[in-house]
Amino acid sequence: MASVKKHVVRNVSLARALSKLGVLSRSQAEEAVRQHRVSINGKIVTNPSLRCSMDDDRIEIDGKPVRQPAFLYIVMNKPVGLVTTRSDERGRKTVYDLLGDVGQWIFPVGRLDKDSSGLLLFTNDHRLGERLTNPDSKVPKTYIVTLDKPLDEHDASVMRKGMMLDDERLQPAEIKILNHHSFEITIHEGKNRQIRRMCESFGYTIRSLARTQIGSFEIGNLRPGEIRQLTKKEIALLEKLP
């Protein structure tokens with residue numbers, strides 16, 4: 001019987017693959033490729049944008065195979081004032097300044113802007129990271145928002161039904177009033193600055209915005225600025241999410 005040739009899906013750039021595999025940052029990977037240090041299936045590659053397969057292609061750096069290190073999962077209670085990036089061209093403090101050296105490259109699962117705080121996951125498990133951030137997965141994310149004035153019930157009702165924002169209809173949000181100026185909101189999309197833009201469209205100013213939950217994974221009693229590794233039970237909980 002004739003063998004069936006396997007179809008290889010090459011759906012990621014080489015620089016991104018090296019980053020996702022926890023070997024180098026994206027910029028470091030691009031530089032290594034341009035220095036002729038990286039090969040795919042025995043052939044030197046000079047284009048960091050070349051598409052490859054992380055599962056089926058043999059990627060080497062300086063003649064040594066790139067292997068996925070042991071998966072690492074870290075949760076941070078991000079304080080206000082840090083940007084969620086590896087380095088900042090404006091010299092601002094980043095979440096990596098707080099994270100420190102963990103022995104391998106890990107990436108944030110989603111982002112929180114400089115003025116937002118709360119639950120931020122880091123990992124080198126690219127499959128889990130993509131599943132949690134892919135809009136098609138519709139993983140719910142919960143935040144506590146404090147406004148400059150009480151949230152009007154009509155505005156809350158519009159959010160619950162699925163409001164229009166910049167000519168795009170958003171999915172319904174879950175809203176729970178907590179006190180005079182604060183409410184809890186759960187969204188399923190996570191578009192850029194979505195909650196801030198939603199509130200601003202009604203004329204509110206956000207005083208504070210903190211993410212407390214991703215799916216059923218909660219930040220718990222982790223204090224601002226604290227970091228810890230996830231337990232096996234918590235990792236299993238994340239892996240069960242859509």
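## A charge over a ring

In this predicted model, Lys149 lies over the face of Tyr204. The distance to the ring centre is 5.4 Å.

## Aromatic pairs

How many aromatic pairs does the structure hold? The count is three. Phe71 and Tyr73 make an edge-to-face pair. Their centres are 6.3 Å apart, and 65 degrees separate the planes. That angle counts as edge-to-face because it is over 60 degrees.

Tyr73 is at 9% relative accessibility, so Tyr73 counts as buried. The cut-off for buried is under 20%.

Tyr96 and Trp105 form a stacked pair. Here the centres are 5.6 Å apart, with 5 degrees between the planes. Planes under 30 degrees apart count as stacked. Both residues, Tyr96 and Trp105, are buried. Together with Phe122, Tyr96 and Trp105 form one aromatic cluster.

## Nonpolar cores

The largest nonpolar core has 49 residues. Which residues have the most contacts inside it? They are Leu121, Phe122, Val145, Ile185, Ile195 and Cys199. Phe122 also belongs to the aromatic cluster with Tyr96 and Trp105.

Take Ile195 as an example. Neighbours within four places in sequence are left aside here. Ile195 is then in contact with Tyr143, Val145, Ile185, Ile187, Ile206 and Leu209. Another core lies apart from the largest one. This other core has 18 residues, including Leu14, Leu24, Val45 and Val66.

## Cysteines

Cys199 is at 1% relative accessibility, so Cys199 counts as buried. Cys52 is at 0%, so Cys52 is buried as well. How many disulfides does the count give? The count comes to zero. A disulfide is a covalent bond between the sulfur atoms of two cysteines. The rule asks for two cysteine sulfur atoms within 2.5 Å.

## A four-stranded sheet

Four strands form an open sheet. Their order is E3-E2-E5-E6, and the pairing is antiparallel. Which strands stand at the edges? They are E3, residues 43-44, and E6, residues 64-65. Each edge strand has a single partner strand, so one side of each is left without a neighbour in the sheet.

Strand E5 covers residues 59-61. E5 and E6 pair in the antiparallel sense over two bridges. Glu60 stands opposite Pro65 in E6.

## Strand E15 and its partners

Strand E15 covers residues 206-214. E15 pairs with strand E9, residues 117-123, in the parallel sense over two bridges. Ser117 has Ala210 in E15 as its bridge partner.

Strand E10, residues 141-147, runs antiparallel to E15. Seven bridges join E10 and E15. Val145 has Leu209 in E15 as its bridge partner. Val145 and Leu209 are also among the contacts of Ile195. In a regular strand, side chains alternate between the two faces of the sheet.

Ile214 stands opposite Phe217 in E16.

How many residues lie between the strands of this hairpin? There are two. In this hairpin, Gly215 takes a positive phi near 60 degrees.

Key:
Residues numbered from 1 in each chain as written. Predicted model: local features only at pLDDT ≥ 70, side-chain atom pairs only at ≥ 80, totals over all residues. Heavy atoms only, no water. Buried < 20%, exposed > 50% of the residue type's maximum accessible area, 1.4 Å probe, protein only. Phe/Tyr/Trp six-rings, centres within 6.5 Å; stacked < 30°, edge-to-face > 60°. Lys NZ or Arg CZ within 6 Å of the ring centre and 35° of its normal. Core = buried A, V, L, I, M, F, W, Y, C linked by side-chain atoms within 4.5 Å. Contact = heavy atoms within 4.5 Å. Pairing = 2+ DSSP bridges.
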